[in-house]
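Have a look at the model first, then read on.

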Amino acid sequence: MARHVLKTSPIPMKTKLLHQIGLSLYNTSHGFHEEEVKRKLEQFPGGSIDLQKEDSGIGILTLNNPSKMNAFSGVMMLQLLEKVIELENWTEGKGLIVHGAKNTFSSGSDLNAVKALGTPEDGMAVCMFMQNTLTRFMRLPLISVALVQGRALGGGAEVTTACDFRLMTTESEIRFVHKEMGVIPSWGGATRLVEIIGSRQALKVLSGALKLDSKKALQIGMVEEVLQSSDETECLREAQEWLQQFIKGPPEVIRALKKSVSSSKELCLEEALQTERDLLGTVWGGPANLEAIARKGKFNK
């Protein structure tokens, strides 16, 4: 009965669009031509974006370009989109950890690509491409954690803001160095940073190009926790253990929870409430719900 009512209720168009898999912010109506941008980015090889999907429902996304402190080459930007699409279709997934190879996170964009794509038009095109990709990443129905070992600089710092949570080691740092490069964040990092730490703190961090060590980042609410180990393997184990506490339960429930929270950030109150209602219709009376009710009944006897 409840499911029938939910299915026949009108859903606002904006709400529908928000949860379409593969929806991007920009298209040709914005002057964005994705295939053209891809052709330019593929001219700058180097490094890779690696994805490992564990049976636990946790994905591990590795920024892998250690000879350049895991800076994003053009090819890595393309591969990031490919991995996001793969994760959009991973129905068994519940969580995701993003980290960098060889005990550092990422130094941002590869300067070879930055120099070659030096016109305002090129800058805008890459901006729209990465905003599209990281917005799709942010909307994944997976609870995500950025594991910051070493340094997360520039675009690397922006990537951390696309995750739901951030963890650091005692020796790591996050720094938005854009001002020193004569630009501002262009992958959506400024907008997301405001949501994470508030506008006043964000303005300080960005305009001062402040170095956020683990102590300062924890103080202003940029990170959730500082891990005990600085060893690459042990850190990853700690991060998985930390994330595990939030993804216990069936994938359909964890994914619905993440979608509900994502909607509340992007939609007005009425649309967010209606989205929460519609997501409830996907789990109410489902296997996990019925099993929990039966289990609770046993406890009460």
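This is a predicted model: local features need pLDDT of at least 70, side-chain atom pairs count only at pLDDT 80 or more; totals for chains, interfaces and linings use all residues.

Residues are numbered from 1 along each chain as its sequence is written, and side-chain values use heavy atoms, with hydrogens and water left out. Helices (H or I, at least four residues) and strands (E, at least two) are DSSP runs, numbered from the N terminus.

**Helix 4 against helix 6**
- Helix 4 (residues 74–88) packs on helix 6 (residues 120–138) at about 25°, and their axes are 9 Å apart. Axes here are lines fitted to C-alpha atoms over the stretch in contact, and angles run from 0 to 180 degrees between N-to-C directions.
- That makes helix 4 and helix 6 roughly parallel (angles under 35 degrees; over 145 is roughly antiparallel, 65 to 115 roughly perpendicular, and the rest oblique).
- The crossing of helix 4 and helix 6 is left-handed, meaning the near helix is turned anticlockwise from the far one by less than a right angle.
- On the helix 4 side, the contact residues (heavy atoms within 4.5 Å) include Met77, Leu81 and Ile85; on helix 6, Val126, Met130 and Phe137 are among them.
- By class, this contact of helix 4 with helix 6 has 11 nonpolar, one polar and two charged residues. Nonpolar covers Ala, Val, Leu, Ile, Met, Phe, Trp, Tyr, Cys and Pro, charged is Asp, Glu, Lys and Arg, and the others, Gly among them, are polar.

**Helix 3 against helix 6**
- Helix 3 (residues 34–41) meets helix 6 at about 105°, with axes 10 Å apart, so the two are roughly perpendicular.
- Glu34, Val37, Lys38, Lys40 and Leu41 of helix 3 touch Asp122, Ala125, Val126 and Phe129 of helix 6.
- The contact of helix 3 with helix 6 splits into five nonpolar, no polar and four charged residues.

**Helix 13**
- Buried residues of helix 13 (under 20% relative accessible area; exposed is over 50%, partly exposed in between, 1.4 Å probe, protein chains only) include Glu271, Gln274 and Asp278.
- Gly285 follows helix 13 and has a positive phi, near 80°.

**Positive phi in a loop**
- Lys102, in the loop between strand 3 (95–100) and helix 5 (111–116), has phi near 55° without being a glycine. Lys102 is exposed, at 64% relative accessible area.
- Asn103 sits in the loop between strand 3 and helix 5, with a positive phi of about 65°. Asn103 is partly exposed at 31%.
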